[in-house]
Amino acid sequence: MLVFNGRTHAAVGITIGLLLIEKLKIPTDTTVLIYLIGLYIGTLLPDADHKHAPMGKVIPLWLFLKHRTLTHSIFMFLLPIFLIKLLANHIPIIYLFSQGMFLGIACHIAMDLLNPTGCPLLYPLMKKKFNILRIKTGSVLDDAIFLTSMICLIYIMYQNFLIGRVV
Ligand SMILES: [Zn+2]
């Protein structure tokens, strides 16, 4: 069974985030730190719904949410998008912070999709948990199409909400 702890989530997320700095046109001056802080928080945030996870001790979402529900669905991406929409005009560094957070959340959910337990990507609309490594016989094509669409959807959300910088 493939289970990632907070440390691994953070390590993989930050590695990917660093590899993408140039592609995402993140400034390489001191403000890069804001992006990295957002990235770090994003890699850990989905597991705030777990009592023993590092982020669960800081933000105890487990008091209100079951493990691997809302924070492991595509609706979790609304958080960085809302932060940008609400605050980036007033506090420009929120943009970098949210960009890092978005990517961190994406890395976390992508890693949890490798776990046999999977993630309920459409929670609360649909409770079914999806995973990449243990696709059920008979529904391979179904899941493959669904996951491909989800990746496209996240990419489109990213292009529309995060690449088009707030002026
Ligand atoms: Zn998780």
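Okay, let's start with helix α4, residues 78-87, and helix α5, residues 93-112: they pack at an angle of about 170 degrees, axes 8 Å apart. Those axes are lines fitted to C-alpha atoms over the stretch in contact, with angles running from 0 to 180 degrees between N-to-C directions, and helices are DSSP runs of H or I, at least four residues, numbered from the N terminus. So α4 and α5 are roughly antiparallel, the word for angles over 145.

Quick caveat: this is a predicted model, where local features need pLDDT of at least 70 and side-chain atom pairs count only at pLDDT 80 or more, while totals for chains, interfaces and linings use all residues. Numbering runs from 1 along each chain as its sequence is written.

Who makes that contact, meaning C-beta atoms, placed from the backbone, within 7 Å? On α4 we have P80, L83, I84 and L87, and on α5 I94, Y95, S98, M101 and F102.

Next, α1. Its buried residues are H9, A10, G13 and G17; buried means 20 or more other C-beta atoms within 10 Å of a residue's own, exposed means 12 or fewer, again with C-beta atoms placed from the backbone. What covers them includes α2, residues 32-44, and α5. Facing away from that buried side, α1 carries the exposed R7, T8, T15 and L19.

Last stop, G42, which sits in helix α2. Why call G42 buried? Because G42 has 30 C-beta neighbours inside 10 Å. Beyond its neighbours within four places in sequence, G42 touches, among others, G13, G100 and H108. And G42 and F97, 55 residues apart in sequence, are 9.5 Å apart in space, C-alpha to C-alpha.

Definitions and conventions
Helix = DSSP H or I, 4+ residues; strand = E, 2+ residues; numbered from the N terminus. Parallel < 35°, antiparallel > 145°, perpendicular 65-115°, else oblique. Contact = placed C-beta atoms within 7 Å.
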